[in-house]
Structure formats: C-alpha cells, structure tokens
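Please look over the sequence and the 3D structure below. A short report follows, with a question to start.

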Amino acid sequence: TWFEANKNRYRDAKGEFDEFVGRLIAGIASFDAEVAGLDVRDCTYRIYRDTRFSADKSPYKTHMGAYVCRGGKKSGYSGYYFHLEPRGEGYLGGSMIVTGMYMPPSPVLRSIREEIADNGEGFLETLAAAEGFELNRDAVLRRVPAGFPADSPYAEYLKLKNVYLERAADEDFLLRPDMLERTVRAFETTLPFNRLINRAVE
C-alpha cells in the first residue's frame, strides 16, 4: 500500500539512477570495450524481490544496483557492480563498488581456482593493481578443495566461494561532483582482475 502511494517517488529515483548508469556504462566502455553497446536495461534490476525461496518476505528491495559486464547481467561473465544502499541497512549494509563474481556455478568456480593455482603470481598482481579494493573473504571453505594441493602457496585463495573485489562507497565518495569519474577510474584499476576471471569463465 505504501509503495503504491509513493510510486512516483520511486520512478523519479529510478530515472535518476538509470541516467547515471547510462553514463557509467559509457565510462567503463572507455577502458573495457567488451561492455560497449550495453543498454541500461541490460545492467539494472527490478525493485520487486523474488520471495519464493526466502524466509524474508519483504516485497521490495531497499537498494539499487547495476552490473555492467559482457553480454549483460545474465550472461555469466565477471563484471563491474555499482550498489547504492543506505548505510547499515539491507542487502550489503551500505553502498559499494565491486568487480568479480558472486556465487559462480561450480564448473566456473573450479576453472577460476585452476587459473589461480596455475597463475597465482598473476592473480596477486591483479589484486595489487586494484586501488582501494579488498578481496571479499566472507565465504570460504575450511579446507583446500579436492583436486588442488593443500600446500599450494595460493591455498587461501583456492578456498574462496566468491571471487570479487569490493570497495566501500561512503557519503563522501557518493556526494562529490566527480563521483562518476572517480567510480570509472576505480573500476579501471580492476580491469586486470576482471580479465583474469573472465579468462577462467571462458
């Protein structure tokens, strides 16, 4: 009932966000040609939540997000995610920018682990190049997965279930006039990481 009464406010906010996403896509395409030609609809999400398999039956999301990657958000490729949310609430607990993959399918995750095992130094170089980002370590296995050497110097990375870099975007970051340009510059430093992950996806 509340949402229906306030739908015009949502439409105004969504229009503003979509306009930003269009410029974000163009900015990312300036250094990663694989996302060139994407439409805003290829990268953004509905506000309506799928509650069928969730204990949380809240009907609407409390955040806005855009996932810019080759082929669009449903393509299965690693990409660049911009997340806008009030601090301390909801899905991620605040706004952030992310590059990589969340919960990749098992065959893809195994391929990523093989890439790390075979090219661990290159993987570490991509982490070092990503300015201001940290590797997410919220979901990890207790042991190195079967088929990989337990004594690998990259064992801690082989245990990852998600493979993405994250950087918080606080109010100081979001409210600056050059926020779009700063976001694009930040994402550009994660290009080597994104390419390495997508090589494994392929």
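By class, how many nonpolar, polar and charged residues does the lining of the second largest pocket have? Keep the question in mind; the section on the pocket answers it.

## The chain as a whole

This is a predicted model. The chain holds nine helices and five strands. Follow the sequence and the pattern reads α-α-α-β-β-β-α-α-β-α-β-α-α-α.

Of the 202 residues, 46% count as buried. Now take the contacts between residues at least 6 apart in sequence: 60% of them join residues at least 24 apart.

## The second largest pocket

The second largest pocket has a volume of about 890 Å³. Its lining counts 38 residues. Phe17, Phe82, Leu84, Glu85 and Ser95 lie nearest the centre.

Here is the answer to the opening question. The lining has 17 nonpolar, seven polar and 14 charged residues. Several elements contribute. Helix H2 (7-29), strand E1 (64-69), strand E2 (79-84), helix H7 (171-174) and helix H8 (179-188) each supply at least two residues. The largest share comes from H2, with nine residues.

## Two helices in contact

Next, find helix H5 (residues 120-129) and helix H9 (residues 191-201). Their axes are 7 Å apart, and the two helices pack at an angle of about 145°.

Which residues meet here? From H5 come Gly122, Phe123, Thr126 and Leu127. From H9 come Pro192, Phe193 and Leu196. By class, this contact of H5 with H9 has five nonpolar residues, two polar residues and no charged ones.

## One residue up close

Finally, turn to aspartate 118. This residue lies in helix H4, which covers residues 106-118. Is aspartate 118 buried or exposed? Its relative accessibility is 69%, and the cut-off for exposed is over 50%, so aspartate 118 counts as exposed.

Sequence distance and space distance can be set side by side here. Aspartate 118 and tyrosine 154 are 36 residues apart in sequence. In space, their C-alpha atoms are 9.7 Å apart.

Conventions
Residues numbered from 1 in each chain as written. Predicted model: local features only at pLDDT ≥ 70, side-chain atom pairs only at ≥ 80, totals over all residues. Heavy atoms only, no water. Axes fitted to C-alpha atoms, helices over the stretch in contact; angles between N-to-C directions. Helix = DSSP H or I, 4+ residues; strand = E, 2+ residues; numbered from the N terminus. Contact = heavy atoms within 4.5 Å. Nonpolar A, V, L, I, M, F, W, Y, C, P; charged D, E, K, R; others polar. Buried < 20%, exposed > 50% of the residue type's maximum accessible area, 1.4 Å probe, protein only. 1 Å grid on protein atoms, 1.4 Å probe; cavity = no way out; pocket = protein on both sides within 12 Å on 5 of 7 lines; lining within 4 Å. Points joined across faces, edges and corners; volume = space filled by probe spheres on them.
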